[in-house]
Amino acid sequence: MKLNASRAIIIVATVCVTLPALSTTLLYMDQFDLLENSNHLVRGKVVDQEAVRASGSNMVYTLVTVEVSDSFKGGLSSQTVTLLNPGGTIDGEGVKVFGAAEFKTGEAVLLFLKDSLKSFNYHGILFDNLQ
């Protein structure tokens with residue numbers, strides 16, 4: 001079967017438009033998967049946020065500092081943890097990553113954390129009145 005040029009262009013354009021959308025969505029995990037895949041489970045309060053741009057890139061991340069009040073799994077000894085959260089706003093220009101958490105300074109959070117080489121990756125966050 002032969003494809004004419006206009007059909008081929010439409011197919012290529014559709015693939016090119018939809019592929020970037022896939023790369024900006026985070027996957028959902030329920031609380032059981034989160035707990036199983038995490039080294040630490042901590043409760044804390046968001047105390048600071050700072051948007052930063054990745055070097056050599058237009059990608060923006062937000063450094064979220066959480067003051068840890070309780071550690072339920074993993075025996076975390078640090079009083080604070082800093083999360084690298086995808087997305088944020090610098091000088092009025094923003095990057096939104098669908099599925100990424102949106103933190104508010106002062107809110108209580110329950111964090112499911114996974115050790116990486118030099119820091120923690122968070123797998124999930126529950127927001128609520130966790131006092």
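In the hairpin of strand 2 and strand 3, Gly-74 takes a positive phi near 95 degrees, and 6 residues sit between the two strands. Strands here (E, at least two residues), like helices (H or I, at least four), are DSSP runs numbered from the N terminus. The model is a predicted one, so to speak of local features takes a pLDDT of at least 70, side-chain atom pairs count only at pLDDT 80 or more, and totals for chains, interfaces and linings use all residues. Residues are numbered from 1 along each chain as its sequence is written, and side-chain values use heavy atoms, with hydrogens and water left out.

Strand 2 runs antiparallel to strand 3 (residues 80-86), and 7 bridges join them. Two strands count as paired if DSSP finds at least two bridges between them. Across this pairing, Val-64 stands opposite Leu-83, while Thr-62 faces Asn-85.

Strand 2 also has a partner in strand 1. Strand 1 (residues 40-53) and strand 2 (residues 60-73) are antiparallel too, with 12 bridges joining them. Here Arg-53 stands opposite Val-60. The hairpin made by strands 1 and 2 has 6 residues between the strands, and in it Gly-56 takes a positive phi near 70 degrees.

What about the surroundings of single residues? Thr-65 has its place in strand 2. Thr-65 is buried, at a relative accessible area of 17%; buried means under 20%, exposed over 50%, and partly exposed in between, using a 1.4 Å probe and protein chains only. Leaving out residues up to four places away in sequence, Thr-65 touches Lys-45, Val-46, Val-47 and Asp-48, along with Thr-80, Val-81 and Thr-82. A contact here means heavy atoms within 4.5 Å.

Gly-87 turns up in the loop between strand 3 and strand 4 (88-90). Gly-87 is buried as well, with a relative accessible area of 6%. Residues up to four places away in sequence aside, Gly-87 touches Met-59, Val-60, Tyr-61 and Thr-62, plus Val-95 and Val-97. As for Leu-63, it lies 24 residues from Gly-87 along the chain, and the C-alpha atoms of the two are separated by 9.8 Å.
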